[in-house]
Amino acid sequence: MIKSISLEHKEQWKSCFDNLQNKDFYYSFDYHKLSLEKGEIAELLVYETESTLILFPIVKRPISSEQYPGYYDITSVYGYAGPIMDKIPDNETIVNFQQELSTYFEENKIVAAFFIFFPSYSEIQNQLLNNFGELVNLGKTVYIDLTLSLEEQKRQYRKSNKSEINQLAKAGVEIKKAETEEEIQRFIEIYWDNMKRVSAKEYYYFPKEYFHEFLQSDEFESFVLLAYYENKIIAGAIFTISGNIMQYHLAGTDEHHLKFTPMKLILDKARLIANEKGLKVLHLGGGIGGSETDSLFLFKKGFSDYTYLFYIWKSIVNPEIYSNLVAEKGLENNSSSFFPLYRI
């Protein structure tokens, strides 16, 4: 059967991952606690047999409906998530896991599910939830293979990147780890300004406390790399380390230095740090909405030819209630791909 662990039991949540190699900060207790919005509930679903352990962190969101009080849909935290295990599941495991998941959904009044899968775990995740909802390939994410030699990693760089990184260094741009409160605060301000410039949704304006609690977590290593030019901070990015993976998390560049592209030098420095620590992957992520044609994806693609396939999983768990919720909002004829539709 599936048991659930709530945010009231941090040590129990953490201990579930002790013997699991495939893990990342997106699965951590601290990150789930930080990521919740008002009214949301985080749980770690645990499916365990003598030979199998599957961990599936979820965020339960209450559905606002007078007709269906106490109902929820579930989703992943900001970033990537989905069920994980340390091996490719066999057919028996898949069938049993899906049956137990169906029981959990029914007992907990779950109407729909929407998850962004972790790219490097997608083969396992796709098999675990195959024919159990809909799997959609949204595109690709970019990663640097750190098992290659330093020279081979650098050969993956776009030619213009190599040139611009050299120019940035010659111009006197320096990359340092943030060490003081003032440096962290300046990074936060740059990040907020970036969100305003791109007209980001309110959700992405993480408060000051979010950054400090994130950086102080004892479940994963994290740090901020800053680009200094003429004694001023002109760009910064948060990186995390879990297991053998470094993640490029949140970043921003001062609007007066956008054409200077200091983030290229920051990413190059992060790659060198990851190599020094003996990591295997520096995951840069993808483009907006999974697009392989927008500027963000193309920027990241300039550092590596290596990519993961990027999937989402969506499932209408209770079709009758889902249809009624859509009808309540008068959206029966809406052709939007937004899911779940009643939250449009």
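Helix α9 is mostly covered, since ten of its 14 residues are buried. "Buried" here means under 20% relative accessible area, with exposed over 50% and partly exposed in between (1.4 Å probe, protein chains only). Helices (H or I, at least four residues) and strands (E, at least two) are DSSP runs, numbered from the N terminus.

Before going further, please keep in mind that this is a predicted model, in which local features need pLDDT of at least 70 and side-chain atom pairs count only at pLDDT 80 or more, while totals for chains, interfaces and linings use all residues. Residues are numbered from 1 along each chain as its sequence is written, and side-chain values use heavy atoms, leaving out hydrogens and water.

**Helix α9**

The buried residues of α9 include M263, L265, I266 and L267. (The expected span is 1.5 Å times one less than the number of residues.) After α9 comes G278, which has a positive phi, near 75°.

**Helix α6**

Now look at α6, residues 159-170. This helix has twelve residues and reaches 17 Å from its first C-alpha to its last, close to the expected 16 Å. Which residues of α6 are buried? They are N161, I165 and L168. Viewed down the axis of α6, these buried residues fall within an arc of 60°, so they line one face of the helix; the arc is that of the directions from the helix axis to the C-beta atoms. G172 follows α6, and its phi is positive, near 100°.

What covers the buried residues of α6 includes α9. The two helices pack at an angle of about 95°, with their axes 9 Å apart. That makes α6 roughly perpendicular to α9, a label for angles of 65 to 115 degrees (under 35 is roughly parallel, over 145 roughly antiparallel, and the rest oblique). The axes are lines fitted to C-alpha atoms, for helices over the stretch in contact, and angles run from 0 to 180 degrees between N-to-C directions. On the α6 side, N161, E164, I165, L168 and A169 meet K264, L265 and D268 in α9, where contact means heavy atoms within 4.5 Å. The residues of this contact divide into four nonpolar, one polar and three charged.

| Residue | Relative accessibility | Class |
|---|---|---|
| S315 | 9% | buried |
| L298 | 39% | partly exposed |
| I344 | 52% | exposed |

S315 lies in strand β12, residues 307-316. Not counting residues up to four places away in sequence, S315 touches V111, A112, A113, F132, G133 and F339.

L298 belongs to helix α10, residues 295-301. With the neighbours up to four places away again set aside, L298 touches R158, E292 and T293.

I344 is in the segment after α11, and its contacts beyond four places in sequence are L331, N334, S336 and F338.

Conventions
Ala, Val, Leu, Ile, Met, Phe, Trp, Tyr, Cys and Pro count as nonpolar, Asp, Glu, Lys and Arg as charged, and the others, Gly among them, as polar.
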